Amino acid sequence: MANSDAELIQRTLDGDDTAFGFLVDKYKGAVHALAYRKTGNFHTAEDITQDTFLRAYQKLHTLKDWRYFPGWLYRIASRLCLMWHRNRRVVPQPLETVDSGHMDALAWVKHTDQRG
């Protein structure tokens, strides 16, 4: 018998952890697709999907209207993707602090990639 999201959420809040598993099964594909689309990395998308459901489980009691569960879940995933992008930003360094040998190696790799 298929349960509605509201029923599964209520059961989860009442302590039935298997009910949340049904929600995970229902939405994991869509959450992973969203994370993959935003990150471009399959494995990162898997990590973000797992983190999304962990956070959703921890904060489920804060969701006021259960009809908005899918949108709320996708919002969590989107924010985790944004955090992932922010953490990947390259911090600029003064040119004087960069090893010239390292810069030469990077230039060579770039040069050979363009020729090949």
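Reader: How many salt bridges does the count come to, and what makes a pair qualify?

Author: The count comes to four salt bridges, each being a side-chain nitrogen of Lys or Arg within 4 Å of a carboxyl oxygen of Asp or Glu. The model is predicted, so local features need pLDDT of at least 70 and side-chain atom pairs count only at pLDDT 80 or more, while totals for chains, interfaces and linings use all residues. Residues are numbered from 1 along each chain as its sequence is written, and side-chain values use heavy atoms, with hydrogens and water left out.

Reader: Why is the pairing of Asp-5 and Lys-26 called a salt bridge?

Author: The N to O distance between the side chains of Asp-5 and Lys-26 is 2.8 Å, which is within the 4 Å limit, so the pair qualifies. Asp-5 belongs to helix α1 and Lys-26 to helix α2, so the bridge ties together parts 21 residues apart in sequence. Helices here are DSSP runs (H or I, at least four residues), as strands are (E, at least two), numbered from the N terminus.

Reader: Is Asp-5 buried or exposed, and how do you know?

Author: Buried means under 20% relative accessible area, exposed over 50%, and partly exposed in between (1.4 Å probe, protein chains only). Asp-5 has 12% relative accessibility and therefore counts as buried.

Reader: Which residue forms a salt bridge with Arg-67, and how is the accessibility of Arg-67 classed?

Author: Arg-67 pairs with Asp-65, their closest N and O atoms being 2.6 Å apart. At 66% relative accessibility Arg-67 counts as exposed, whereas Asp-65, at 24%, is partly exposed.

Reader: Which residues touch the most other members of the largest nonpolar core, and what makes a set of residues such a core?

Author: A nonpolar core is a set of buried Ala, Val, Leu, Ile, Met, Phe, Trp, Tyr and Cys residues joined through side-chain atoms within 4.5 Å. The largest one has 23 residues, of which Leu-23, Tyr-27, Leu-60, Phe-69, Trp-72 and Leu-73 touch the most other members. Two or more residues each come from α1 (5-13), α2 (17-39), α3 (42-59) and α4 (69-87). The largest share, eight residues, is that of α4.

Reader: Which residues are in contact with Leu-23, leaving aside its neighbours within four places in sequence?

Author: Leu-23 is in contact (heavy atoms within 4.5 Å) with Asp-5, Leu-8, Ile-9, Phe-53 and Phe-69.

Reader: At what angle do α2 and α4 pack, and what is the handedness of their crossing?

Author: The angle is about 35°, with the axes of α2 and α4 10 Å apart. Axes are lines fitted to C-alpha atoms, for helices over the stretch in contact, and angles run from 0 to 180 degrees between N-to-C directions. The crossing of α2 and α4 is right-handed, the near helix being turned clockwise from the far one by less than a right angle.

Reader: How do you know whether Thr-49 is buried or exposed?

Author: Thr-49, found in helix α3, has 8% relative accessibility and so counts as buried. Not counting residues up to four places away in sequence, Thr-49 touches Lys-28, Val-31, His-32 and Ala-35.
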